[in-house]
Amino acid sequence: MRDHIREPQKRPAAGLQFPGGRQAPQGEATRTTGMETLRMTRMVLALQRSTGNQAAVQLLGRQGHPCGATCGHEGLSPERQVASAHPSVQRYRGAQGLDPDPTRTDETWTNHPPPTTPFLGYVAIAPRGTAPTTGNRHYRHDQVAIRSVQVSEVRGPTRYGADGQKSHTTAWTLTREALARFEGREARDVVTYIQNRLTELAALGGAELAYAHALTDAQNRIADVTLNARPLHLWQPALSGLLSAYVMAYGLSPMTTYAAGKAVTRGEPWAMMTLRAQESAGAGTFDRAAARLAVAKLQDYQLRPSLSAANLTAANHHFWVTLHTAFPQTAARLRAEHGVTITSEEKQYEFHAHPAGSFQVPNLGGTVVHPSQATVLGGTVSYKLAPGKLDAGFGVDAFVSPRNMTDAAAVTAGPAHDFMVGRVLMSSEQRPQAQWDPQQSHFASWELVKRATEAQAGQQVDAAVTWAQSGLPAIQNRLPLRDPTSQFVRDWQTLYTQVSSLGVHAAQAGLNLRAHEWSELVSALLQGYVMLYNASSVATGAAPAGQDRANGSGEAGRFRKLDALVSTYASGAVAPNSAAQENARRQVLGLLDVAALRTKILKHLFDTNGKVSFADVLTSTTTKNIAYLPTRQAIEASRDAWLRFLQAAYAPLFSRNVLSVPALTADFDNAMQGTFTSIENVAVAPSATRSGKIRK
């Protein structure tokens with residue numbers, strides 16, 4: 001018997017019919033992008049290392065298809081190219097190992113592409129109940145639980161599009177808190193919860209095409225996960241995608257936002273802190289007035305031309321559903337409170353009362369799996385990061401599948417080299433916390449860091465683990481440039497210890513995990529490494545001389561040109577000439593903020609009234625100009641990180657000798673010791689008359 005009552009499942013609208021009988025449009029087919037081509041090329045290089053060049057050539061020849069094949073999703077993944085080493089019949093298809101085999105009647109799930117939204121929702125999964133041991137060993141959604149949840153702080157789009165988010169009727173921070181409550185729950189309870197919310201959204205109508213598309217996509221995912229069993233590890237992308245699709249549909253709905261001038265802060269941090277404290281307060285210590293004010297600060301809806309009476313009522317209903325999900329005890333205690341206007345610090349906040357009548361309190365059931373701990377190799381380890389002050393909602397979703405994609409392999413534990421990283425998802429806008437806020441200048445382009453991390457897709461798991469683990473020593477002593485006793489620095493050090501331990505754990509001999517467990521571990525490793533790097537002093541610094549903030553450097557155009565070079569030279573059919581090499585080096589040098597790095601040296605020039613040159617600093621040693629050695633080492637650490645990310649993101653260009661580390665290092669040295677700009681001349685005043693080439 002189940003020990004809790006699940007939320008009643010509301011009947012979904014058939015095909016998401018909208019008022020007036022209009023049918024919601026179907027989603028568009030996915031398209032192959034330049035990044036997909038680059039990702040496929042990386043897979044080819046991995047194949048060359050593991051199976052020989054012939055298998056790689058076969059795969060590269062099929063790059064044009066969205067799934068890496070010519071038709072029918074046949075023979076798609078690089079894993080299928082190693083069938084000689086694994087003679088079992090291959091099952092799953094697609095370049096990422098996410099598609100069903102169309103020749104099998106028992107494989108009916110749909111590989112829905114990730115929603116195109118800046119928001120990223122990631123869930124780690126675990127089996128629930130008795131594991132299937134016969135047949136195809138596929139799992140239903142009532143045999144799966146959600147172990148942990150990662151919810152990005154970046155919001156999805158709203159109906160106002162390029163005009164901005166506008167005012168959110170339910171504070172986004174409360175929505176994130178509610179979504180985090182999916183952790184530890186049965187998947188079927190979470191799916192029912194989302195399905196009921198989508199049914200409520202469908203009843204609102206709405207003419208926006210993007211909203212209709214998002215609703216249809218989310219509802220199609222609901223139908224897929226409730227009807228179709230699938231291999232255990234495929235529940236991770238299925239449920240992660242459903243979470244992101246739901247948030248996208250909710251964000252675009254007509255009751256979620258409204259326009260009333262510029263959105264203003266309403267003291268949400270205080271409100272959330274208060275609700276967290278009151279949720280655990282006993283009957284004798286519960287502060288009703290504080291809790292009611294906190295709720296009112298998170299409710300931001302009023303009758304406006306952009307928020308109709310019906311949508312205002314729906315917004316209030318949704319707010320209380322969200323509050324019951326995030327803070328069930330507090331919501332229940334305030335259920336009988338009447339609507340009232342509360343004055344606080346000369347501001348007025350309207351407390352919207354709990355809906356009356358047949359309001360159904362959401363029920364996610366009890367916690368059925370531990371949200372962080374797992375027992376592996378006789379010990380207990382947590383794959384859930386504890387970033388503390390470094391938490392900015394940044395996450396990484398690394399989907400892992402068996403190299404030998406059979407029914408048995410999907411539920412069988414094995415070493416890292418038996419598994420592949422199928423894809424890596426990161427928010428298009430969410431950045432990790434930096435050492436300062438705002439982040440100021442990124443020495444290596446953040447988009448480059450992102451692409452390098454995403455480049456782990458197509459790698460064997462042991463290679464991805466090695467990449468993350470090997471990047472840690474270079475930043476170990478490059479702490480954020482804050483007070484060493486600050487909580488931020490202490491949390492950085494704590495996270496470093498955790499991520500370092502996870503790297504050792506992942507690389508140890510004898511560690512055998514199932515695909516979904518490797519996915520959780522690799523996701524945590526990549527996420528932790530990137531968070532630590534971005535918050536270290538290696539990643540960011542003050543803006544270039546004469547600027548009060550970082551400025552753009554035409555990165556989008558540079559990436560387009562680099563992607564074009566990959567398309568031209570990755571196959572090896574064309575040898576690069578010197579012009580192509582020079583062009584490639586020029587583009588990647590633009591992904592490093594040399595001006596910001598030079599600013600590190602300007603202080604020495606200013607302090608010595610020009611008696612010290614760039615060269616003096618950049619060639620300092622333990623016996624020569626030792627006072628400047630820390631500056632030189634800091635600059636070189638940032639340079640080396642840039643080179644590291646370049647080699648991961650554009651491995652084909654390095655393997656085909658379009659780019660090389662020695663040539664890039666020489667370019668870097670020349671740029672660092674180049675001519676003073678007029679602004680730099682002023683910055684080192686009183687010796688502002690110096691100009692021309694820096695003296696050697």
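**A lysine and its setting**

Analyst: Lys450 is in helix α11, which spans residues 446–454. Helices here are DSSP runs of H or I with at least four residues, strands are E runs of at least two, and both are numbered from the N terminus. This is a predicted model: local features need pLDDT of at least 70, side-chain atom pairs need 80 or more, and totals for chains, interfaces and linings use all residues. Residues are numbered from 1 along each chain as its sequence is written, and side-chain values use heavy atoms, without hydrogens or water.

Is Lys450 buried or exposed? Its relative accessibility is 8%, so Lys450 counts as buried. Buried means under 20% relative accessible area, exposed means over 50%, and partly exposed lies in between, with a 1.4 Å probe and protein chains only. Leaving out residues up to four places away in sequence, Lys450 touches Met426, Ser427 and Ser428. A contact means heavy atoms within 4.5 Å.

Ser567 lies in helix α15, residues 555–569. At 53% relative accessibility, Ser567 counts as exposed. Leu653 is 86 residues from Ser567 in sequence, yet their C-alpha atoms are 9.8 Å apart.

Now the whole chain. It has 22 helices and 14 strands. Of its 696 residues, 56% are buried. Among contacts with a separation of 6 or more, 76% join residues 24 or more positions apart.

Next, the rings. The whole structure holds 13 aromatic pairs. Rings of Phe, Tyr and Trp (its six-membered ring) pair if their centres lie within 6.5 Å; planes under 30 degrees apart are stacked, over 60 edge-to-face, and the rest tilted. Trp492 and Tyr496 have ring centres 5.7 Å apart and planes at 20°, so this pair is stacked. Both residues sit in helix α13 (487–507), four residues apart, or about one turn of the helix. Trp492 and Tyr496 are both buried. Tyr301, Phe319, Trp320 and Phe351 form one aromatic cluster.

Two arginines sit over rings. Arg181 lies over the face of Phe327, 5.7 Å from the ring centre. The charged end of Arg197 is over the ring of Tyr193, 4.8 Å from its centre. The rule asks for NZ of Lys or CZ of Arg within 6 Å of the ring centre and within 35 degrees of the ring normal.

On a 1 Å grid over the protein atoms alone, a cavity is a set of points where a 1.4 Å probe fits but cannot get out; a pocket is an open set with protein on both sides within 12 Å along at least five of seven lines; lining residues have an atom within 4 Å of a point. There are four cavities of 30 Å³ or more. The largest cavity holds about 130 Å³. Its lining has 13 residues, with Thr110, His112, Arg230, Pro237 and Ala238 nearest the centre. Helices α5 (209–227) and α6 (235–252) each give two or more residues to this lining. Helix α5 has the largest share, three residues.

The second largest pocket holds about 1,200 Å³. Volume is the space filled by probe spheres set on grid points, which are joined across faces, edges and corners. This pocket is lined by 47 residues, and Val151, Arg176, Glu177, Arg276 and Asp391 lie nearest its centre.
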